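The report below goes from the overall fold to single side chains.

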Amino acid sequence: MTEPMPDSGTDLPLDPDTIETGDTAERAAARAAAGARQARAEHADRAEPGAQERTVVRLMRHGEVDNPDKILYGRLPDYHLSDLGREMAEAVAEHLADRDLSLVVHSPLERTAETAAPTLERHGLTAVVDPRVIEAGNKFEGRRFRKRLLLDPRRWWWVRDPTVPTWGESYHAISKRMMAAIEDARDHARGREALIVSHQLPIWTIRSALESRRLWHDPRRRQCNLASLTSVTFVGDEVVDVSYTEPAAHLYARAAKIPGA
């Protein structure tokens with residue numbers, strides 16, 4: 001049987017039948033949701049009283065990465081877009097060409113900078129690099145995924161609780177930092193639009209928090225494809241809608257089926 005591969009450069013493939021449920025999962029979800037609420041509260045005093053503008057913050061996952069060795073690359077440097085990934089970035093730039101963008105943010109990693117570049121050029125903007133929207137930290141970073149990684153007793157403690165998850169940055173921490181970055185982008189772009197180019201796990205985590213879903217999940221079931229847009233619409237400071245689109249969907253058939261593609 002072919003081993004399942006993770007769908008982003010920082011994840012382990014999980015069998016949902018082996019994930020513990022019940023109180024542990026509920027506590028993990030509650031911690032992550034609390035992190036998002038705390039971030040919102042910390043930024044509430046920045047809003048002008050009575051401001052009711054409609055503002056859209058779009059969260060874009062980077063395009064396909066050149067990763068033929070199937071490395072769980074996480075936050076490692078020097079992982080760049082493939083030729084197809086650059087096509088995906090151009091497709092999204094075309095999709096956003098008529099949008100009223102006032103801000104483009106990306107993580108410190110090359111693949112997000114390269115994904116943001118075509119949109120920055122079209123809108124004549126200068127990128128803001130925000131470390132809060134970086135990929136999730138992961139103890140398996142830099143390794144090629146093989147099943148024996150999880151069979152090594154020295155690593156069993158790392159994977160003791162997938163609902164946190166214990167092998168990487170917690171969902172609580174991810175949701176808190178992503179919400180803070182989104183709030184700041186909203187405050188900058190009030191009445192207009194902002195684009196944040198980030199990574200699959202951080203985007204899916206904050207979307208799940210905003211939509212009041214549990215945070216632990218099977219990575220293969222995320223709705224956050226390559227170069228996709230998860231759009232968070234605010235009226236004033238309140239989230240009124242979360243939507244999802246795939247401007248580069250016509251290119252997916254050519255994408256490599258590798259972790260972090």
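This is a predicted model: local features need pLDDT of at least 70, side-chain atom pairs count only at pLDDT 80 or more; totals for chains, interfaces and linings use all residues.

Residues are numbered from 1 along each chain as its sequence is written, and side-chain values use heavy atoms, with hydrogens and water left out.

The protein has six helices and six strands, where helices (H or I, at least four residues) and strands (E, at least two) are DSSP runs numbered from the N terminus. Read from the N terminus on, the elements run α-β-α-β-α-β-α-α-β-α-β-β. Of the 261 residues, 55% are buried, a word that stands for under 20% relative accessible area, computed with a 1.4 Å probe on protein chains only.

The six strands form an open sheet with mixed pairing and the order 3-2-4-1-5-6. Strand 3 (128-129) and strand 6 (238-245) stand at its edges with a single partner strand each, so one side of each is left without a neighbour in the sheet. Two strands count as paired if DSSP finds at least two bridges between them; strand 5 and strand 6 run antiparallel and are joined by seven bridges, and Thr-233 has Asp-241 in strand 6 as its bridge partner.

A nonpolar core is a set of buried Ala, Val, Leu, Ile, Met, Phe, Trp, Tyr and Cys residues joined through side-chain atoms within 4.5 Å. The largest one has 26 residues, of which Val-57, Leu-59, Ile-182, Ile-196 and Ile-206 touch the most other members.

Apart from it lies another core of 19 residues, among them Leu-96, Ala-116, Leu-195 and Tyr-252.

Two side chains deserve a separate look. Gln-200, in helix 6 (residues 200-210), is buried, with a relative accessible area of 1%. A polar atom of the Gln-200 side chain lies 3.1 Å from the backbone oxygen of Cys-224. Arg-186 lies over the face of Phe-234, at 5.1 Å from the ring centre, and a charge sits over a ring if NZ of Lys or CZ of Arg is within 6 Å of the ring centre and within 35 degrees of the ring normal.

Key. Buried means under 20% relative accessible area, exposed over 50%, partly exposed in between (1.4 Å probe, protein chains only). A polar contact is a pair of N or O atoms within 3.5 Å; within protein, one must be able to donate a hydrogen and the other to accept it, and residues adjacent in sequence count only if both atoms are side-chain atoms.
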